[in-house]
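Here is a short briefing on a ligand site and on some ring pairs. Take a look at the model first.

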Amino acid sequence: MEININKGTLSLVEGDITRQDTEAIVNAANNSLRGGGGVDGAIHRAGGPRVLEECIKIGGCGTGEAVITTGGNLSAKYVIHTVGPIYRDGLHNEPRLLENAYNNSLKLASSKGIKSVAFPSISTGAYGYPLEAAAGIALNAAISYLRGHTDIELVRFVLFGKKALEVYEKKLKELVSQAS
Ligand code: ADP
């Protein structure tokens, strides 16, 4: 599914984030930036040692913040590493921190002149964020960003599995119909 917002495109696809041809891909990292499981492990495996070396130099990343490294051996030139919240009960600032993770990643991309960015579904794996709620926050953040800025031309969500894609598609349809 794909929609145009302002001068940009928001697209949802099922796939593997490491195989994207966008200028940057976003990693759902952890505070230590030392690599981990899920998307993080896949990105470091595909990106190779240069990505980890730069992460170690940077030292760490706060929850909701974002940092950038080379893409190493990936087709993407850059990896933006952001840290989503660990979901407890939704009452510990999780929505705000998840929104920050998306916003700070997009701002960082913008500051580097990056025009296309692919995101995974941050926090919805090991960090336990309920998928539907997370999809709403992720999509709202991308929509607001594209409405307010014209420099980023493509924001692509790369969903792992058919179910995640369906949840994101349903949410995007709801958000688009509310807006019109
Ligand atoms: P977090 O710790 O932020 O929850 P995870 O990596 O555990 O991060 O999971 C985040 C989401 O990424 C999950 O929905 C998971 O299914 C998905 N995922 C795992 N591997 C990939 C991949 N290679 N490409 C895209 N999405 C992935």
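The notes below cover the ligand, its surroundings and the aromatic pairs.

This is a predicted model, in which local features need pLDDT of at least 70, side-chain atom pairs count only at pLDDT 80 or more, and totals for chains, interfaces and linings use all residues. Residues are numbered from 1 along each chain as its sequence is written, and side-chain values use heavy atoms, leaving out hydrogens and water.

**Around the ligand**
- The ligand is surrounded by 15 residues, where near means a heavy atom within 4 Å.
- Val 39, Ser 123, Thr 124, Gly 125 and Ala 126 are the closest of them.
- By class, this shell has 8 nonpolar, 6 polar (Gly counts here) and 1 charged residues.
- Helix 1 (residues 38-47; a DSSP run of H or I, at least four residues) gives the most to the shell, with 3 residues.

**Polar contacts (N or O pairs within 3.5 Å)**
- The side chain of Asp 16 places an N or O atom 2.9 Å from a ligand nitrogen.
- A ligand nitrogen also lies 2.9 Å from a backbone N or O atom of Ile 17.
- For Thr 124, a side-chain N or O atom is 2.9 Å from a ligand oxygen.

**Aromatic pairs**
- The whole structure holds 5 aromatic pairs, meaning ring centres within 6.5 Å.
- Phe 119 and Phe 157 are stacked (planes under 30 degrees apart), at 5.7 Å centre to centre and 25° between the planes.
- Phe 119 is in strand 6 (residues 116-119) and Phe 157 in strand 7 (residues 154-159), so this pair ties together parts 38 residues apart in sequence; strands are DSSP runs of E, at least two residues.

Definitions and conventions
Polar contact = N/O pair within 3.5 Å; in protein donor to acceptor, adjacent residues only side chain to side chain. Phe/Tyr/Trp six-rings, centres within 6.5 Å; stacked < 30°, edge-to-face > 60°.
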